[in-house]
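Colleague: I have a few quick questions about this model. Can you take me through some spots on it?

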Amino acid sequence: MTALSRREGPAAPAPAYKVPPGVLDGPVVPTMLRLAVPTTLVLVVQTLVGVAETWFVGFLGTDALAGVALVFPVLMLMQMMANGGIGGGVSSAVARALGAKRREEAEALVWHAVALAGAFGILFTVAALLAGPILYRAMGGTGPALTVALTYSGVVFAGSIPVWLTALLSSALRGAGNVRVPALVISIGTVLLILLSPALIFGWGPFPRLGVAGGGAAVVVYYLFAALALTLYLRSSRSLLKLRVVTLRACLFKDILGVGFLSAIGTVQVNLTVTLVTAAVGRFGADAIAGYGIASRLDYIQIPLIFGLGTALVTMVGHNIGAGQPARARSIAWIGAAIAFGMTETIGLAAAIFPQVWIGLFSDEPEVMAMGTLYLRTVAPVYGAVGLGLALYFASQGAKRVLFPVLAGTVRMIVAAFIGWAAVIWFGAGLSTLFQITALAAVSYGFLTAAAMMGGAWGRHHASHPLARRRPAE
């Protein structure tokens, strides 16, 4: 018997982890909504804060709007990769470990998430500094718009590590079913951001007038606050899931990246699609970029809606897969997909019928309004297909079966980005044709993801960790 196996007196037991009620049994929809609504509401508010920042920047002129629009797809790439990509891998790994009653492994995964946050944060900071000028020029940025893009990008991506820490620590908590703390942190941070952003952009009170750089600085301050708050919570006695330093193990990185790496590829595809479409739109001038940039922000409003629902799907599906209940996991996935379709299609139809309501919030320039209206009337009616596909993608993260949703995203990228780009650059197609191709790509994504799910893409699930085969039933 080793020293580690002997007990000297009674040891204080760690607080018992309890699977969130309704996850492994009982009605699906009430549990899903209880887990999804806090995250959804807060992320919608956070997205609207981003919209408000665009509104503030609009007072600086069309060049400022166009410059920020150039950076926006790249910033969203990082945020989506952190939250829905690698963060999805963290949530899935934690949920599956807890569903299989491997709590120590779940806590070790949190420290591995911190290590990944540092690595990816540094990577994005360096990449933005080195490749940003080339990328924004390739996307059509010239003159004052390019200057704005480089200024905003340099400030925002200096804070890449806090962005990644916030995303991955929040993902770990959500994987454990704790949606309240990330929601609270984001809510408080949102208030901070909405006050600080215009103050730094316009120089209110004691703050200097920094222009678009002020908007970027406010974003960095927000993420610094959020990362610190989440770290302190995970180190406190109030958290059932602890952040503690452990020896890094390749098998735990593999468990995260087995889902997270493919999911990250999926987010790269989504944002590469937007980037190439933006570059094609850039051939038609700054007004076209500004109009498309404003209209396509409505596309991104779907993401927090589906992400809130998606975090619930990852948690519920992951726990059920870990507990050996694949049939219930599949049922949860389809119910979530139906809810997602309904939400996003409603938004899309409203935007297509009343496009001027959205575009008019940011600009009353006739050309900007015309470009944005054309996009929304062409693409918004198929938002439901994107919502369906994204929900099944998140459910597949929980099941550790993301290959087919990622391949569906590849088809979407080929159709929208490469065929759309070729139509404009090589065949002289107009914006109407480009947006029609973009809509076709969205429909293809939703259809192929659903078809793969119906065709048995999840396969048969077995214990996904050697400890699960050795651990006696509890």
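Colleague: Which helix is isoleucine 161 in?

Modeller: Isoleucine 161 sits in helix H5, which covers residues 160–175. Keep in mind that this is a predicted model.

Colleague: And how exposed is isoleucine 161?

Modeller: Its relative accessible area is 32%, so isoleucine 161 counts as partly exposed. The cut-offs behind that are under 20% for buried and over 50% for exposed.

Colleague: Changing topic. What is the phi of lysine 101?

Modeller: Near 65°. That is a positive value, and the residue is not a glycine.

Colleague: Where is lysine 101, then?

Modeller: In the loop between helix H2, residues 62–99, and H3. Lysine 101 has a relative accessible area of 40%, so it is partly exposed.

Colleague: What about lysine 400, where is that one?

Modeller: Lysine 400 lies in the loop that runs between helix H13 (383–398) and helix H14 (403–425).

Colleague: And what is the phi of lysine 400?

Modeller: Near 60°, a positive value in a residue other than glycine.

Terms used: Residues are numbered from 1 along each chain as its sequence is written. This is a predicted model: local features need pLDDT of at least 70, side-chain atom pairs count only at pLDDT 80 or more; totals for chains, interfaces and linings use all residues. Side-chain values use heavy atoms; hydrogens and water are left out. Helices (H or I, at least four residues) and strands (E, at least two) are DSSP runs, numbered from the N terminus. Buried means under 20% relative accessible area, exposed over 50%, partly exposed in between (1.4 Å probe, protein chains only).
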